[in-house]
Amino acid sequence: MIAALAGVEFQSNWLQVLQSPFLRNALVGGSLVAVAAGLLGYFVITRQNAFAAHALAHIGFPGATGAILVGVPVTLGLAVFCVGGGLLIGVFGRRVADREMATGTILALATALGVLFASLASANASTTTSVLFGNLLAVSDDQLVVFGAFTAAVVLALAVLARPLMFASVDPAVAEARGVPVRALGVAFVVLLALTITMAVQVVGTLLLFALVVTPAATALRLTARPVRVAAIAVGLALASVWGGLVLSTMVNLPPSFFIVTLAVLAWLVVLGVSGRRGRVATAAVPADRHHPH
Amino acid sequence: MTTGGRPPALVLEGVSVARGGRTVWSHGTFTVRPGAVVGVIGPNGAGKTTLFQLALGLLAPSSGRIEVLGAPPRRGNRRIGYVPQNYTAALGEAIRCRDLVTLGLTGGRFGLRPTSAAERAQVDDALRRVGALDFAERRMSELSGGQQQRVAIAQAIVDDAELLLLDEPLANLDLRNQQEIVRLLGDLHRDRDVTIMVVAHDLNPLLPVLSDAVYLLDGHPHHDEIGEVVQEELLTHLYGTPVGVVRTAQGDLFTRAAWRDPVHQQENAREAGA
């Protein structure tokens, strides 16, 4: 253990490394993902879709290994499987009660396919590892273009859909009566989520994705419930995690995924501790149900 | 009561409704006049919520004709305010009361246009009318059941609905909160002459404000004035268990379960004689 930790060494030239082209790609790519993930996180939570988001990341795994098998870009394989998986969950999990079961079942099938594809493609261990844990430092110029397009799509779509999507997410029965296309918005949301996850998998990997898509929004929601502020804080936290994670990983020459996730989780823990104390005080101070004259 | 030339709030003519191939109820023919406060009663599974879904255009009748506020039902009718059953169950920490009420006004709007000052004033007005202004900035999850119900009603009235459809608004509320919500419904009705339809299991808390009732009996909806509905024979048939009706010297009307323990019956008889 001590011997292993001795491998962690401070890199005195980290500032220079930070300016190298591959780190610039990592910084830009990571930032694009952070923006999309931070924005969507609020809806993932209000729609009670956290498990689906987690599962979609894993459903991307066979997409990535399958892409290697047939020789197409990994991003394409990821996107096809994430979008397809999201739509399948939507079809089989119409009722919230069914969704967990549908999600878990499709998740298991996808993971089995992923193992099969990986074995057929004789993908080497490092390829599998980079899908599972992300490889932000390997983001290419081509991938950056795709990331840019995906993030632009998410931001533009949310600019148009945000309000009805929020209505449909927190209050589906009334929204439907009000003529809001609840079902169509659900499909649109899954597609946006799948695009974001396709990117995020390449940054933090399928196993750690939760920390970038759900945790920043969950942290923001502890601080405020004002939608615009939640979005701003969530994006800020996601960006800070990605940037801080990259700098720290450069300093000690270790994979950025660990630091990105750790920073996001640390922020969540700190806010949880602070708001937990404050929440108890606030609850105690206000009587549960005063008489309100009208 | 004058209706001011307004069309009826709800008209059903020979309406049958089916769900998954099974007829929920049939031969629904009645008219709810504008400004009525209508209790919708009947045993579990009789199709009370289904009646609301027809009016909201969420479900089409298998036969017959429906008119809501003088027009065929359609989804997204802004003249109807709706509070579904178990309204607050799906809501949690993620939304403030004020934002929820605002969604009732602007939630169907696509694009980024911010809420206008006039819209914010409308939201404030709705919150004030239900007595929820004090806790408007708090999250739904921080409120009591009665407070959450007020916010839900504020969301339903924020767009100046002419017809309010409330599905079990008194469920899970204690006696005082039930009475406060009923008083609120009375106020809303008096202030703007809104037509209100309320699904309820227990008629008693609502009796002070109800003018009519729709009762689902033997697979058919019936409509009558409340005084005609609150009859021992009818209610006993409706609920399938003995129900008594009592009118106090002050003119208050209430129903009660009529089954009694024989021992207590003697005591009650003595008290009544005293």
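Author: In this predicted model, the domain assignment divides chain B into domain 1, made of residues 1-79 together with 162-226, domain 2, covering 86-160, and domain 3, covering 230-274. The C-alpha centres of domain 1 of chain B and domain 2 of chain B are 23 Å apart, and where these two domains meet, 11 residues of domain 1 are in contact with 11 residues of domain 2. On the domain 1 side of that contact, helix H5 of chain B, residues 175-192, supplies the largest share, with five residues, and by class this side holds six nonpolar, three polar and two charged residues.

Chain B also touches chain A, in a contact that takes 33 residues from chain B and 28 residues from chain A. On the chain B side, the elements giving two or more residues are helix H2 (97-106), helix H4 (145-157) and H5 of chain B, with the largest share, four residues, coming from H2 of chain B. The residues of this side of chain B divide into 13 nonpolar, 11 polar and nine charged.

Looking at A:Ala200 in particular, and leaving aside its neighbours within four places in sequence, one finds A:Ala200 in contact with A:Val33, A:Ala37, A:Leu209, A:Leu212 and A:Val213.

Key. Residues numbered from 1 in each chain as written. Chains lettered and ligands numbered in written order. Predicted model: local features only at pLDDT ≥ 70, side-chain atom pairs only at ≥ 80, totals over all residues. Domains from an automatic or database assignment. Contact = placed C-beta atoms within 7 Å. Nonpolar A, V, L, I, M, F, W, Y, C, P; charged D, E, K, R; others polar.
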